[in-house]
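This report describes how selected side chains pack in the structure shown below.

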Amino acid sequence: MNVTKALVVSDRYLRDARVLSPFEDQLASEEISAEIFCEVQPDPTDENVAGGLRALADCQAQALVAIGGGSVMDAAKMIGIAATNPQPLSDFQGYHKIENPGLPLIAIPTTAGTGSEVTQAAVITDTARQVKMMIFDRKLLPAISIIDYELSLSMPPHLTAHVGVDTLVHGIEAYVSRKASGMTDPLALSCIRLTSRHLPVVYTEPNHRTSREAMALAACQGGMAFTNSSVCLVHGMSRPLGAVFHLPHGLSNAVLLPTVTRFSVPGAPERYAAVAREMGCPESGALVPLLEEFNVRLGIPRLRDCIPKDRGEFESHLAKMAADALASGSPQNNPVVPSRDDIINLYREAW
Ligand SMILES: [Fe+2]
């Protein structure tokens, strides 16, 4: 890449766990000077991107190396874009709004989840508006992705479960989406099959290398599938839930998945039957109970047990959350396209 200065984007946890050290040594041995920016927080914000941009300007880096989970990779994508596009980040919300290519990015995932290393998407929270902005543009695709499942061995069980269910939802939504195609179907089905077999294993046996490798593959396949098809209603409803109540992305997907699936099956019964078969159950009717049981096996609680607020406060946010869900565009790809009232009712059912 003809780069002599790079900015490594990561988080404090990975720095303190010394995950970054071998990469620093490698960059130094190639005579690439590297600064480290490790202030990315889970579910990254516009402020994290602004901080990264200042670090980038200070060290005059020509490329970015993201080492971390989806939050780190998404933040690095937008730091690279902000370096070459002066507009506020909110101008990029939606589809194909970025004018100039960003700095080249090498993405190295340390979780098996978002598949952000191969997607054209980034999700950044707009702190002023309390909105998780979905930004989708070809210019967000990393230049290079390096996927090494050994980096995921250190993930604690709850994180493994959350990011793993995110992977499962990517596979399912890419497959049932109105934008699914013959190019994305095989990736989506493989993602679903691998996740249903291997996620429960890595949740209980974190050092199970074969299953960790399978989950790294599933995450990448899920990312490739949904970035060329789309996500649907689970993601559409999950982002507002995360933005308002600060639930991790995978967890907010997981608590919605059974309810949203029950609502969506009538729009694509054959597609959902195929999902059920990949997960090892012969009839599509059994899919929703299977997804509920899958959550229980992974220690994922009910929505009401994830939010330290009462039902009244939850209700007071539903109208905005439903409007933000629809505005993201994702619900419109769902097999059954919901109204605003449908979405409000689904939030209530999931509670
Ligand atoms: Fe996701």
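In this predicted model, Phe245, Phe314 and Trp351 form a cluster linked by ring pairs. The model holds three aromatic pairs in total. One of them joins Tyr95 and Phe136, whose ring centres are 5.4 Å apart with planes at 40°, so this pair is tilted. Tyr95 belongs to strand 4 (residues 94-95) and Phe136 to strand 7 (residues 131-136), so the pair connects parts that are 41 residues apart in sequence. Tyr95 is partly exposed, at a relative accessible area of 32%, whereas Phe136, at 12%, is buried.

Phe245 is part of helix 8 and Phe314 of helix 13, so their pairing ties together parts 69 residues apart in sequence. Phe245 is buried, with 9% relative accessibility, and Phe314 is buried at 0%. A contact of another kind involves Arg271, the charged end of which sits over the ring of Tyr175 at 4.2 Å from the ring centre.

The largest nonpolar core has 61 residues, and Leu241, Phe314 and Tyr347 touch the most other members. Helix 5 (residues 157-176) makes the greatest contribution to this core, namely eight residues. Apart from this core lies another, of 30 residues, which includes Met78, Ile81, Phe92 and Val131. Nonpolar side chains tend to be buried together in soluble globular proteins.

Tyr347 is also one of the buried residues of helix 14 (residues 340-350), the others being Ile343, Ile344, Leu346 and Ala350. These residues span an arc of only 160° around the axis, which places them on the same side of helix 14. The elements that cover them include helix 8 (233-245), helix 9 (249-264), helix 12 (303-306) and helix 13 (311-327). Beyond residues up to four places away in sequence, Tyr347 touches Met237, Pro240, Leu241, Leu256, Leu303, Phe314, Leu318, Met321, Ala322 and Ala325.

Loop residues complete the account. Ser116 lies in the loop between strand 5 (105-109) and strand 6 (121-126). With a relative accessibility of 3%, Ser116 is buried. Its side chain makes a polar contact of 2.7 Å with the side chain of Asp74. Neighbours within four places in sequence aside, Ser116 contacts Gly70, Met73, Asp74, Lys77, Ala121 and Pro142.

Arg18 and His96 have positive phi values although neither is a glycine. Arg18 is in the loop between helix 1 (12-16) and helix 2 (21-29), while His96 is in the loop between strand 4 and strand 5. The table lists their backbone angles and accessibility.

| Residue | Phi | Relative accessibility |
|---|---|---|
| Arg18 | near 60° | 59%, exposed |
| His96 | about 55° | 52%, exposed |

Both residues count as exposed because the cut-off for that class is over 50% relative accessible area, and Arg18 stands at 59% and His96 at 52%.

Terms used. Residues numbered from 1 in each chain as written. Predicted model: local features only at pLDDT ≥ 70, side-chain atom pairs only at ≥ 80, totals over all residues. Heavy atoms only, no water. Buried < 20%, exposed > 50% of the residue type's maximum accessible area, 1.4 Å probe, protein only. Helix = DSSP H or I, 4+ residues; strand = E, 2+ residues; numbered from the N terminus. Arc of directions from axis to C-beta. Contact = heavy atoms within 4.5 Å. Phe/Tyr/Trp six-rings, centres within 6.5 Å; stacked < 30°, edge-to-face > 60°. Lys NZ or Arg CZ within 6 Å of the ring centre and 35° of its normal. Core = buried A, V, L, I, M, F, W, Y, C linked by side-chain atoms within 4.5 Å. Polar contact = N/O pair within 3.5 Å; in protein donor to acceptor, adjacent residues only side chain to side chain.
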